[in-house]
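Here are my notes on the structure, for you to read with the model open. Please check each point against the coordinates as you go.

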Amino acid sequence: MELDPHTFDREFDLAELLAGMPLARMAQILATLLDGEFRLVTVGGQLMLGRAEPFAQPGRAAIRHDLETLGHLESASAGEARLSAAAGMVELVLQLSARYRMAADLHTETVQEDYAALQHQLAALKESEARYKTLSEELEERVRQQVETLETAQRQLYQAEKLASIGQLAAGVAHEINNPIGFIRSNLSTAQQYVRNLERLAALMKAGDMAQFQAVWNEADMAFVTEDFAALLGESVAGADRVAKIVADLKGFSNVDQTEEEIVNLNDNLRFACNVVAGQIKDKAELVLELGGLPRILCLPGHLNQVFLNLLLNAVQSLPDQGRIKVCSDVLNNEIRIRISDNGCGIPEGNLDRIFDPFFTTHEVGSGTGLGLTVCRDIVQAHGGRIGVESKAGAGTTFTVYLPIG
Amino acid sequence: MAEIDEVNRKITLKLVYYGPAQSGKTTNLMRLHDLLAPDLKGEVMTLETQNDRTLFFDLLPLGFRTPSGWLVKLKLFTVPGQVAHDATRKAVLSRADGVVFVADSQRAQSVNNAEAFQNLEENVQRVGLDFASVPLVVQFNKRDLPEAQILSEEEVRARWAQAPWPLVFSSALIGEGVKETFARLLEQVYPVLDKFCALQESHGVDRQSFVAAVTGG
């Protein structure tokens, strides 16, 4: 919006004051008032209205405005009084015109002023908007960085949790392997003794000293040795098989990071997890499996093994001196339902809502990450399932895992 | 700033009556019209009013001829005092050669006076004039009101003791102090004008004759 920079209080000349007037009508009226032709001229003699040719000897009346004479009204026909009255009328008209122009120009000036002020405000607003936009972008970037940092920390904690459960697993496995290794070792020492006896007897046999041979045979109680030798070898083979089976089971955990899905019967995974913890609970608890027939499902077995192991280890930790852990599986409403119950110390009601929250732990600082159940829940949810808990302080806890079929 | 028109041999001055609403700016102009007797005196042109309050401005033109034959024309304006008309106030104040600040002597109006004076200072700067050098007279009007209602002259003088501007007490309603206020302004305007257009040297008008010519003696 550009407006003429007219100042409202400027000096007006005759031409400007007459501009926009109905001049033809004015000329008619003046001609009637003055009984004939007339001339309205500026002080400089320029014709503004009326007859073009000058009069020979006209009567003249000054047209004054704002202390000054702006022009003259000339007439050859009108008397002095009439001419002066007509000039007064023209002055009144010019006065009104001046009033209108001043008001209009002042109005224009103030509108321009207001507009400039608005423009200024608009510019300030735009600038402020740009500042906020920049700030918002910076904030977004900072949030993104924070989220990245948090995600990294979370991944590290998950990894730590995984390693912690693997550590517990390793302790269990070591115990489990130590047992057969112990008796195999002992059997083998006995077998070495038996072999030495056989070497002595073989030497006597070669020399043909049958009397001596018989004496040594009896002394070494070789009748028992031959029987026992076979038995301890058989026992050792069974022990070695047991170790082999544990090692085979362990493979189920060696692939916790495996991201390929497999079709499995979850009962196998439950048995396996029970085997792993069995070593830890042998003296302390009775482990009862009530596994119903399950359809095979597509899942990440390594991940689910970790869930079951975590839940079982939690159960073991909750047990008093003597306790019972029950593992049940069945199908309910097109879902596989797995329940792991203990009759241990239970979870106080106030904590029940929070046990799946990250870093919530009732253990002492340093003895757990507080992520075990969080990881369980995340894994189950990643399989499209859900996990629930029922507990009564002092009576025991049941964790229930539901996994969709198909 | 004064306008010099070499062609029409004319010097035009603009003097502005400023102040809070209803302090008596228009009344000052009306009384000046009655009291002054210069060579040339126009009518007071009131542009628009609402309930007797100025919306745009009032204008009183005065003038005299210098010995050199030039016309010196003074246009006296009032501004609308109401706070809402600030843009109009600013436009009227533009290009002013001198200002009379008409204050209301009533105790209750002290805050309005202060705000209006601050507004004057701001607007003077906004229209590109130098507040320190613009000719200014402060008039405390309405001295005709009961003493209990108005600040005493001592109080006013004490408050304005540090200010450099002439202080005049007036009652525009009965015409007291109005002409004196105007004369004090003219005395201040003269040196600036003389410097600007060599009034004394080229036109033969000294300070005393300038004031006398405008006021009519």
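1. **Basis.** This is a predicted model: local features need pLDDT of at least 70, side-chain atom pairs count only at pLDDT 80 or more, and totals for chains, interfaces and linings use all residues. Residues are numbered from 1 along each chain as its sequence is written, while chains are lettered from A and ligands numbered from 1 in the order in which they are written.

2. **Chain A overall.** Chain A holds nine helices and 11 strands. Both are DSSP runs, numbered from the N terminus: helices are H or I with at least four residues, strands are E with at least two. Of its 406 residues, 25% count as buried. Buried means that 20 or more other C-beta atoms lie within 10 Å of the residue's own; exposed means 12 or fewer; partly exposed is in between; C-beta atoms are placed from the backbone. Take the contacts in chain A between residues at least 6 apart in sequence: 69% of them join residues at least 24 apart. A contact here is a pair of residues whose C-beta atoms, placed from the backbone, lie within 7 Å.

3. **Strand S1 of chain A and its partners.** Strands S1 (residues 38-42) and S4 (residues 68-75) of chain A are antiparallel, with five bridges. Two strands count as paired if DSSP finds at least two bridges between them. Phe38(A) has Ser75(A) in S4(A) as its bridge partner. S1(A) also runs antiparallel to strand S2 (residues 47-50) of chain A, through three bridges. There, Leu40(A) is bridged to Leu49(A) of S2(A). The hairpin of S1(A) and S2(A) has four residues between the strands, and Gly45(A) in this hairpin has a positive phi near 90 degrees.

4. **The five-stranded sheet.** In which order do the five strands of the open sheet in chain A lie? The order is S6-S8-S9-S11-S10 (chain A), with mixed pairing. S6 (285-291) and S10 (386-392) of chain A are the edge strands; each has a single partner strand, so one side of each has no neighbour in the sheet. Neighbouring strands are turned by 10 degrees against each other on average, direction ignored. S8 (residues 323-332) and S9 (residues 335-342) of chain A pair antiparallel over eight bridges. Leu332(A) has Glu335(A) as its bridge partner in S9(A).

5. **Helices on that sheet.** Helix H6 (residues 266-281) of chain A lies across S6, S8 and S9 of chain A, at about 175 degrees to S6(A). Helix H7 (residues 301-318) of chain A lies across S6, S8, S9 and S11 (396-404) of chain A, at about 25 degrees to S9(A). Axes are lines fitted to C-alpha atoms, for helices over the stretch in contact; angles run from 0 to 180 degrees between N-to-C directions.

6. **Helix H9 of chain A.** Eight of the 11 residues of H9 (residues 372-382) of chain A are buried. Among them are Leu373(A), Cys376(A), Arg377(A) and Val380(A). Gly384(A) follows H9(A) and has a positive phi, near 80 degrees.

7. **Two loop residues to check.** Leu67(A) has a positive phi near 80 degrees and is not a glycine. Leu67(A) sits in the loop between S3 (59-65) and S4 of chain A. With 19 other C-beta atoms within 10 Å, Leu67(A) is partly exposed. Asn334(A), also not a glycine, has a positive phi of about 60 degrees. The loop between S8 and S9 of chain A holds Asn334(A). Asn334(A) is exposed, with 9 other C-beta atoms within 10 Å.

8. **Nonpolar cores.** A nonpolar core is a set of buried Ala, Val, Leu, Ile, Met, Phe, Trp, Tyr and Cys residues joined through C-beta atoms within 7 Å. The largest core has 52 residues; those that touch the most other members include Val16(B), Tyr18(B), Phe77(B) and Phe101(B). Helix H5 (residues 178-197) of chain B gives the largest share of this core, seven residues. A second, separate core of 37 residues includes Ile281(A), Cys299(A), Leu304(A) and Ile325(A). Not counting residues up to four places away in sequence, Tyr18(B) touches Val79(B), Leu93(B), Val99(B), Val100(B), Phe101(B) and Leu120(B).

9. **Contact between the chains.** Contacts link 17 residues of chain B with 14 residues of chain A. On the chain B side, the elements that give two or more residues are S2 (10-18), S7 (58-65), S8 (71-78) and H2 (86-93) of chain B. H2(B) gives the largest share, four residues. The chain B side has eight nonpolar, four polar and five charged residues. Ala, Val, Leu, Ile, Met, Phe, Trp, Tyr, Cys and Pro count as nonpolar, Asp, Glu, Lys and Arg as charged, and the others, Gly among them, as polar.

Notes. Two residues are in contact if their C-beta atoms, placed from the backbone, lie within 7 Å.
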